[in-house]
Amino acid sequence: MITHFGWRSIFLLNVPIGVFGTVWSYLRLKEIGVKTVGQKFDYAGSILYCIGLSIILIALTIGDPLSTRNIVILAGGLHFS
């Protein structure tokens, strides 16, 4: 398909499949979880988790997996999350 029509032609196939999957899942899938009432949202935990994930992503973005700096940053991110 890419050879004959170019890389943009992939979207001509994937977009209708994605739209169909979204509509089908909205119509067919039902909620099976039980909603809890009276529990408060953990803001401090959420903030620390976001900080930890951000630090992990920074360590992965730096790229050198064997450098001491990168290992320290990754360990710090794992400590937070």
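Student: In which element does Ile 58 lie?

Tutor: Ile 58 lies in helix H3. Helices here are DSSP runs of H or I with at least four residues, strands are runs of E with at least two, and both are numbered from the N terminus. The model is a predicted one, in which local features need pLDDT of at least 70 and side-chain atom pairs count only at pLDDT 80 or more, while totals for chains, interfaces and linings use all residues. Residues are numbered from 1 along each chain as its sequence is written, and side-chain values use heavy atoms, with hydrogens and water left out.

Student: Is Ile 58 buried, partly exposed or exposed?

Tutor: A residue is buried under 20% relative accessible area, exposed over 50% and partly exposed in between, using a 1.4 Å probe and protein chains only. Ile 58 has 47% relative accessibility and is therefore partly exposed. Its C-alpha atom is separated by 14 Å from that of Thr 68, 10 residues apart along the chain. Between the C-alpha atoms of Ile 58 and Gly 18, 40 residues apart along the chain, the separation is 31 Å. Gly 18 has its place in helix H2 and is partly exposed at 36%.

Student: How is the packing of helix H3 and helix H4 described?

Tutor: Two packed helices are described by the angle between their axes and the distance between those axes. The axes are lines fitted to C-alpha atoms, for helices over the stretch in contact, and the angles run from 0 to 180 degrees between N-to-C directions. Helix H3 (residues 43-62) and helix H4 (residues 68-80) pack at about 160 degrees, with their axes 7 Å apart. H3 and H4 are therefore roughly antiparallel; angles under 35 degrees count as roughly parallel, over 145 as roughly antiparallel, 65 to 115 as roughly perpendicular and the rest as oblique.

Student: Which residues make the contact between H3 and H4?

Tutor: Contact means heavy atoms within 4.5 Å. On the H3 side the residues include Leu 48, Ile 51, Gly 52 and Ile 55, and on the H4 side they include Asn 70, Ile 73, Leu 74 and Phe 80. The contact residues divide into 11 nonpolar, 4 polar and 1 charged. Here Ala, Val, Leu, Ile, Met, Phe, Trp, Tyr, Cys and Pro count as nonpolar, Asp, Glu, Lys and Arg as charged, and the others, Gly among them, as polar.

Student: Is Asn 70 buried or exposed, and which residues does Asn 70 touch?

Tutor: Asn 70, which lies in helix H4, is buried at 6% relative accessibility. Leaving aside neighbours within four places in sequence, Asn 70 is in contact with Ala 59, Leu 60, Ile 62, Gly 63, Asp 64 and Pro 65.

Student: How many aromatic pairs are there?

Tutor: Rings of Phe, Tyr and Trp (its six-membered ring) pair if their centres lie within 6.5 Å; planes under 30 degrees apart count as stacked, over 60 as edge-to-face and the rest as tilted. The count comes to 2 aromatic pairs. Trp 7 and Phe 11 form an edge-to-face pair, 6.2 Å centre to centre with 70 degrees between the planes. The centres of Phe 41 and Tyr 43 are 4.9 Å apart and their planes stand at 70 degrees, so this pair is edge-to-face. Phe 11 is partly exposed at 47%, Phe 41 is exposed at 53%, and Tyr 43 is exposed at 59%.
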